[in-house]
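Visitor: I have a chain to look at and a few quick questions. Can you put it up?
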Amino acid sequence: GSNDLFSVQSLLVFGGIYYFSGIGIIGVAIPYGLFVPHMLFGAVLGQLFGKAAGAALGEDQVAPVGVYALVGMAGALAGFTRTTIALTVVLLVCSAQ
C-alpha cells in the first residue's frame with residue numbers, strides 16, 4: 001500500500017539533505033525559493049509522524065500516512081506563510097476531498 005512507498009531511512013535521508021541544503025543555500029545568491037521546500041519538509045515530517053503513530057498504535061488504528069503527510073505539509077507551510085484558512089482551502093482543493 002501507500003504506507004510502504006517510502007522507508008523511514010529514505011525519508012530521514014531526504015529530509016536531512018533538504019533541510020541542511022536549505023540552511024546552506026539561504027545565504028547564497030542563487031534562486032532557491034522557500035515555498036516548495038517548506039511543503040516538502042513538512043510532508044516528510046508528517047509522513048514520519050504517521051509511520052511512528054502506525055508503529056505505536058497499529059496500522060489499522062491510524063489514518064494512512066498520506067493524510068499525515070498532507071497535514072504536515074499544511075502545518076509547515078501555514079507556519080511559514082501565516083495563511084491558515086486560505087491554505088486549508090487550497091489543500092482541500094488539491095487533494096480532491
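Guide: One definition before we start: Ala, Val, Leu, Ile, Met, Phe, Trp, Tyr, Cys and Pro count as nonpolar, Asp, Glu, Lys and Arg as charged, and the others, Gly among them, as polar. Also, this is a predicted model.

Visitor: Fine. Which classes line the largest pocket, then?
Guide: The lining has 8 nonpolar residues, 2 polar ones and no charged ones.

Visitor: Which residues are they?
Guide: Y18, Y19, G22, I23, I26, Y32, L34, P37, H38 and F41 line the largest pocket. The elements giving two or more residues to that lining are α1 (8–26) and α2. The largest share, 5 residues, comes from α1.

Visitor: How much space lies in the pocket?
Guide: About 180 Å³.

Visitor: Back up a bit. What is the secondary structure of the chain?
Guide: There are 4 helices and 0 strands. Along the sequence the pattern reads α-α-α-α. The C-alpha atoms fill a box of roughly 45 × 30 × 20 Å along the principal axes.

Visitor: How much of the chain is buried?
Guide: Buried residues are 25% of the 97 in the chain. The chain exposes about 6,400 Å², and carbon and sulfur atoms supply 73% of that area.

Visitor: And which residues make up the largest nonpolar core?
Guide: That core has 8 residues: A43, A69, M73, A74, L77, A78, L87 and L91. The largest share, 5 residues, is from α3. As background, nonpolar side chains in soluble globular proteins tend to be buried together.

Visitor: What does L91 touch?
Guide: Leaving out residues up to four places away in sequence, L91 touches L70, M73 and A74.

Visitor: New topic, F49. Where does F49 sit?
Guide: In helix α2, which covers residues 35–57.

Visitor: Buried or exposed?
Guide: F49 has a relative accessible area of 54%. The cut-off for exposed is over 50%, so F49 counts as exposed.

Visitor: How far is F49 from V65?
Guide: Their C-alpha atoms are separated by 8.2 Å, and the two residues are 16 apart along the chain.

Key
Residues numbered from 1 in each chain as written. Predicted model: local features only at pLDDT ≥ 70, side-chain atom pairs only at ≥ 80, totals over all residues. Heavy atoms only, no water. Buried < 20%, exposed > 50% of the residue type's maximum accessible area, 1.4 Å probe, protein only. Areas by Shrake-Rupley, 256 points an atom, 1.4 Å probe, with all protein chains shown as cover. Core = buried A, V, L, I, M, F, W, Y, C linked by side-chain atoms within 4.5 Å. Contact = heavy atoms within 4.5 Å. 1 Å grid on protein atoms, 1.4 Å probe; cavity = no way out; pocket = protein on both sides within 12 Å on 5 of 7 lines; lining within 4 Å. Points joined across faces, edges and corners; volume = space filled by probe spheres on them.
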